[in-house]
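Grab a pencil and have the structure open beside you. Try each exercise yourself, then check the worked solution.

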Amino acid sequence: MSSEHTPASASTDELEHSQVEEGSNYGDLPFEELQSKAISGRSWTDIGDLDEAAAGRSVLIRGFAQVVRNVGKKMTFVVLRDCMSNVQCVLNASADTGVSTQMVRFAASISKESVVDIEGVVSLPRKPLKATTQQVEIQVRKVYCISRAIPTLPINLEDAARSEAEFEKAEQSGEKLARVLQDTRLNYRVLDLRTPANQATFRIESHVGGIFRDYLRSKNFIEIYSPKFISGSSEGGADVFELQYNGKTACLAQSPQLHKQMSICAGFGRVFEVGPIFRAENSNTHRHLCQFAGLDAEMEIKEHYFEVCDIIDDLFVAVFNYLNENCKMELETINKQYPFEPLKYLEKTLRLTYVEGIQMLKEAGTEIEPMSDLNTEAEKKLGRLVKEKYGTEFFILHRYPLAIRPFYTMPCYDDPAYSNSFDVFIRGEEIISGGQRIHTPDLLSKRAEERGIDLSTIKSYIDSFRYGAPPHGGFGAGLERVVMLFCGLDNIRKTSLFPRDPHRLEP
């Protein structure tokens, strides 16, 4: 079968639109009923809350029609899905249930992924249900279609939710299953996001953002909201989006770096931000995006930049512990489609110097050019070596060469060729970069000029340090990359809601 799947088809003869008449227990709900016409006072039940304790109770639920299966003239099964939960609903035509054969036929005509309201009585099935999350059934008494999906969907969710193991098993038996490729998924992202693994992924992403905020607030950080239009590059280099801003040339911020530091100069002590980061990198890799969600923090330093490392250590261990303890269902759901091994980490995060890391690579037969940054291959190899030696996939590498760090990075006191900076790694890939910042305007100006930055574009930033500035440091992480690597996923586009890469500006 071709790499693009063939959408499931439905005969138009089977589609019977039946407008709801007053007192009717089935049909397509009129549009005016969905225009906030009235407050009925009816009680709705979330599908995920349906359990054995609800047996015998009448409930009203809404969801997407995941499966519609007609069995003869008198019976139709409808599986309704809401978020990560689904339940089997049974229409059985009989005088006792008040369900007519016309109502059964109407239910059978509902197209997959239509939005449907069902009212019925909760019952216990004779055998455990393998295809639904909820181990109860709904004996349907009323069914209304709220919004009909088109009969032929551009992608089949059943295909989009398959694991590689399912494909391999099918191939061994001679069965051909359709694959939904990445570009097709992203072209129809709204449908793709309905798969269980995607629903789980973005719930985990929400938790990570929430824990980041809650933890930092507990450590007396305040949340800030910095501008994304700036007059010059915030990181140096050419990877910046330029645009016209009221007749002037402006840039989209590569990070909130400059304004984080200015906030420290303003006396806020400790700040953080969760917001968009823009990078005009023509990097078509599994881990780069042109826009992503940044997790940034900045803080005064009393004595040593390890104070920043201590915050990172406690924060991310708290994130990992929370996810493992409170998101078991989500992690299992992702693992079902994209199998991965749980992240190995220490309660006290390992710290190695750049020189120690380079030495480990050298002893393993990988030569790194002196004072150069680690490439992707070297990062992955170092990750494997650290895991073998220290039993962790999460570690901090610090004291990088100054030449490969941003212009605002503080040099080491004992050797200006090195810097008070660090990167943090998960599964052999960098997720965090940070360090101590230069807080003296003269050295900051000198370093910026050495990097070819026009000082006039960052004048207000440099001037901020002329009014008294405490020593400070901070870090920035990419939310999508953190989730991708924690969950062992192979592409950052799986953790970006609507990805923006060098070739994608839609949907």
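**Exercise 1.** Is strand β16 (residues 429–436) largely enclosed by the rest of the structure or largely open, and why?

*Solution.* Keep in mind that you're looking at a predicted model.
- Step 1: A residue is called buried when its relative accessible area is under 20%.
- Step 2: In β16, 6 of the 8 residues are buried, so the rest of the structure largely encloses this strand.

**Exercise 2.** Which strands are joined to β16 by bridges, and how do they run?

*Solution.* 
- Step 1: Start with β15 (residues 421–426), which is linked to β16 by 6 bridges, and the two run antiparallel. Here isoleucine 426 sits opposite glutamate 429 of β16.
- Step 2: Look at the hairpin the two strands form: there are 2 residues between the strands, and arginine 427 takes a positive phi near 50°.
- Step 3: Find serine 433, which stands opposite glycine 476 in β17.

**Exercise 3.** How are helix α6 and helix α9 oriented to each other?

*Solution.* 
- Step 1: To describe two packed helices, you use the angle and the distance between their axes.
- Step 2: The axes of α6 (residues 196–218) and α9 (residues 328–337) come within 8 Å, crossing at roughly 140°.
- Step 3: Angles over 145 degrees would count as roughly antiparallel and 65 to 115 as roughly perpendicular; α6 and α9 are therefore oblique to each other.
- Step 4: As for handedness, the crossing of α6 past α9 is left-handed.
- Step 5: Residues making the contact include Pro196, Ala200 and Ile204 of α6, along with Leu331 and Ile334 of α9. Sorted by class, the contact has 6 nonpolar, 3 polar and 2 charged residues.

Methods:
Residues numbered from 1 in each chain as written. Predicted model: local features only at pLDDT ≥ 70, side-chain atom pairs only at ≥ 80, totals over all residues. Heavy atoms only, no water. Buried < 20%, exposed > 50% of the residue type's maximum accessible area, 1.4 Å probe, protein only. Helix = DSSP H or I, 4+ residues; strand = E, 2+ residues; numbered from the N terminus. Pairing = 2+ DSSP bridges. Axes fitted to C-alpha atoms, helices over the stretch in contact; angles between N-to-C directions. Parallel < 35°, antiparallel > 145°, perpendicular 65-115°, else oblique. Left-handed = near helix turned anticlockwise from the far one by under 90°. Contact = heavy atoms within 4.5 Å. Nonpolar A, V, L, I, M, F, W, Y, C, P; charged D, E, K, R; others polar.
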